[in-house]
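Q: Could we go through this structure together? I would like to begin with the disulfide and then change topic.

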Amino acid sequence: MKKHILTLLAFLMATMGFAQTEPSVEMTMDTLSGCAPLTVHFTFKSITNTDTLVLMTGDGQSYQFADMTELSTPIQHIYKLYGRYIPAVRLIQWVTSKDSAGNDQRVRLLKTIASPDTLSITDCRGGCGVFKDSCEWSVSCHKYRTCGETSYDGFTYLKVYKDEFWKPETGTGRTFLYALIRYDDENKRLYGIPSSLVNPPMSSFLMYDFSLQVGDSAIITSFDRGHNLVAKCVGRDSITLHNGEKRATLRIQIFNPNDQWGETDGFDETIWIEGIGSNYGLFSPDYKPEYGCLFEKLRLLCYYEQDELLLDFPEFDTDSTPGDCYNNDIDMRVPHITAAQSLSLYPNPAKQSLFLTNGERYDNTSYEITDVTGRMVLQGSYNASEGIRVSGLAKGLYLLRMEGQYGRFVKE
């Protein structure tokens, strides 16, 4: 869960100057976007020097609290109309000071703090909620598009088409109906069913649960790895799209009790993005270890809504035409892919330092480590005797990129 520490728009109303600590508070919202009506929980903590707190939700409603113990549990508010709202908090503190005649007087201090984030409430009456029609996901050498709706099993579903091995320069490949998806906007869950299972009829399965709070778990299904995967939320945050809209993100650990290698105590980690899917694509809510069309893990490269690019990860678009939201060198002509196949890291996962096999070969090679959102967290020059010190990084999934005389390569 992201901590939104409110530090904006403060002012004091007093007749005399005096030394007094200003009132302060930390406020957290459990979601930043969704369908109307949307329930948002506001959590307050670290409340200091405050006699009265007023929560202004941004849609004309307000809640006033004179007893701070009432704020020990989250405050729930329902946004009934779609739109964009900026919540704010007004803190009131009464203090006593001396006037010019030496008499005591009560002075009211006011502090109004606006949230740094905007709530985006969507009108979803037309069908499938925050997962919309006319959207496109570019995932390595595949493209997925939502196009039209259909009724199935008593619900309205979006139809998702897949372009398989589609090449931008030739237009070759095949397009076919790949799946149906349905978003339950009340419970923030996405359900899906492969088109191959529509006839004979089969119930859809849960792919994502965006209502998960830190510590919560859900049983999900991956199109690629099957049923009964355990998804545990270990963090909540947000991501800003190119149009300025913020979407909630969940850091998810995936436990696979039926791991093909018989390892049941480990986990994989991925990032869920509300209304988009995961950093591995719409149909991979879990970490994708299998080799795809490029003999590398499938990655979300770009996401469009009605031809508008809202999110992209250019650091993963590593073929001969970078920036085209597509990796089309399926014959492995790209140097970094060949190098990555012969490269091994140990120990992996690492707690202190990370080393490369045949490390002397890569001595003085520049490296860069990014997290799953593409943010660079570490860079430097590789030293074969010391390795890469990663003890300062939080537990999670990272991407190592190196470039030197042996070419460019990427490794997790």
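Predicted model: local features only at pLDDT ≥ 70, side-chain atom pairs only at ≥ 80, totals over all residues.

Q: Which residues does the disulfide join?

A: It joins C302 to C325, with an S to S distance of 1.8 Å; a disulfide is a pair of cysteine sulfur atoms within 2.5 Å.

Q: Where do C302 and C325 lie?

A: C302 lies in strand β23 (residues 300–305) and C325 in the loop between β24 (308–312) and α1 (335–342), so the pair ties together parts 23 residues apart in sequence. Strands (E, at least two residues) and helices (H or I, at least four) are DSSP runs, numbered from the N terminus.

Q: Is C302 buried or exposed?

A: C302 is buried, because its relative accessible area is 4%. Buried means under 20% relative accessible area, exposed over 50%, and partly exposed in between (1.4 Å probe, protein chains only).

Q: Now P23: where is that?

A: P23 lies in the loop between β1 (4–5) and β2 (24–29). P23 counts as buried, at 1% relative accessibility.

Q: And what is the strand order in the open sheet of 5 strands?

A: The order is β18-β19-β20-β21-β22, with antiparallel pairing; two strands pair if DSSP finds at least two bridges between them. The edge strands, β18 (217–222) and β22 (277–278), each pair on one side only.

Key
Residues numbered from 1 in each chain as written. Heavy atoms only, no water.
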